[in-house]
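Welcome, and take a moment to look over the protein shown here. We will go through its parts and then the place where they meet.

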Amino acid sequence: MFPVLQLSELNQLPPDTPRYGVMGHPVAHSLSPQVQLAAFQACNLPATYVRFDVPPEQLDTAVQTLRTLNFQGWNCTLPNKVALAQYMDELAESARAMQAVNTVLRDDDGRLIGFNTDGDGWVRAIREDFSIDVRDLRILILGSGGAGQALARQAAMEKCERLVIVNRTPEKANLLRQELEPLLHSTKLLGAQDRLKIVPWDEAAIADELNTIDLVVNTTSVGLRPADPAVLPARILQPHLFIYDTIYRPAKTRFLHAAAEAGCRSANGLSMLLHQGALSFEIWTGRSAPLTAMRKALREAAA
Ligand code: ATR
């Protein structure tokens with residue numbers, strides 16, 4: 001129903017309907033077409049939204065093609081989010097802060113503006129799932145890959161109460177600390193606890209931190225495969241913790257099972273996906289996103 005198109009096929013789209021899409025490599029797994037088309041339909045806005053495969057070496061050609069074909073906007077998923085920034089005529093604050101672009105808007109003058117809705121989408125997701133703002137939380141982030149970096153940057157920009165970063169490869173976490181330290185340097189009184197801290201991937205060390213953490217976020221890929229263990233075991237989780245797993249397929253990872261066993265409130269990454277998409281829709285149309293229709297489409301597509 002939503003085939004993956006090659007760049008050469010994009011000129012076959014209906015000429016008079018506004019064009020949107022998602023680029024990725026791979027891109028077949030993307031749920032954006034279902035969610036965005038549901039949104040356009042709910043608002044009675046005509047639109048096509050397609051997915052197209054763009055390997056990194058074709059990014060240059062892809063941007064030229066999308067300009068020529070007058071795409072109104074598009075989403076970008078891995079692996080081109082960082083590289084896409086250099087092709088934009090202007091970067092919104094969100095894209096500059098995240099050092100990556102996941103949403104492009106073509107303005108009335110044909111200029112391409114790059115945005116990033118990943119961080120703000122996550123903030124909205126946490127508010128929806130746990131009725132609390134990121135800035136009021138003490139947060140432990142597992143992982144410092146693309147997703148981990150984005151959420152750590154957002155948490156620091158929100159000036160969250162405390163940020164602990166744990167990564168299997170400590171170098172990546174240390175780089176993030178250097179970058180984020182100026183944002184979280186403050187006179188807040190936290191006793192002996194560091195407001196920004198890097199902790200080794202060690203069960204006892206993590207367990208110790210969890211005494212002074214409210215929200216744990218898994219951004220690692222542990223849990224994507226059926227045989228994967230819980231990224232943290234139930235025995236070190238405490239009932240006061242909110243647990244957020246950015247993975248949404250499977251809907252309930254072993255980590256989320258461990259959270260339930262420990263009596264924690266938890267949520268999976270679908271809410272992040274929903275709100276990132278909703279923010280893209282708002283950037284393109286200037287309208288509030290029809291969340292109910294988008295959520296329904298997302299649940300059906302992810303099932
Ligand atoms: P993404 O863009 O989705 O974040 P990524 O950049 O490949 O993907 O990052 C994957 C993250 O999962 C990294 O933080 C990685 O840790 P390393 O930096 O040490 O590679 C983490 N990860 C993957 N497998 C892991 C495992 N078995 N245990 C712990 N962390 C793991």
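Which domains does the domain assignment of the protein give? There is domain 1 (4-116 + 272-302) and domain 2 (119-268), with bounds that come from an automatic or database domain assignment. This is a predicted model, in which local features need pLDDT of at least 70 and side-chain atom pairs count only at pLDDT 80 or more, while totals for chains, interfaces and linings use all residues. Residues are numbered from 1 along each chain as its sequence is written, and side-chain values use heavy atoms, leaving out hydrogens and water.

Now to the meeting place. The C-alpha centres of domain 1 and domain 2 lie 28 Å apart. Their contact (heavy atoms within 4.5 Å) takes 16 residues from domain 1 and 17 residues from domain 2. About 1,400 Å² is buried between domain 1 and domain 2, with carbon and sulfur atoms giving 56%; buried area is the accessible area (1.4 Å probe) that two parts lose on being put together, summed over both. On the domain 1 side, M98, M272 and H275 supply 44% of the area buried against domain 2, more than any other three residues.

What about charged pairs? Between domain 1 and domain 2 the count is 2 salt bridges, each a side-chain nitrogen of Lys or Arg within 4 Å of a carboxyl oxygen of Asp or Glu. E128 forms a salt bridge with R295, and their closest N and O atoms are 2.7 Å apart.
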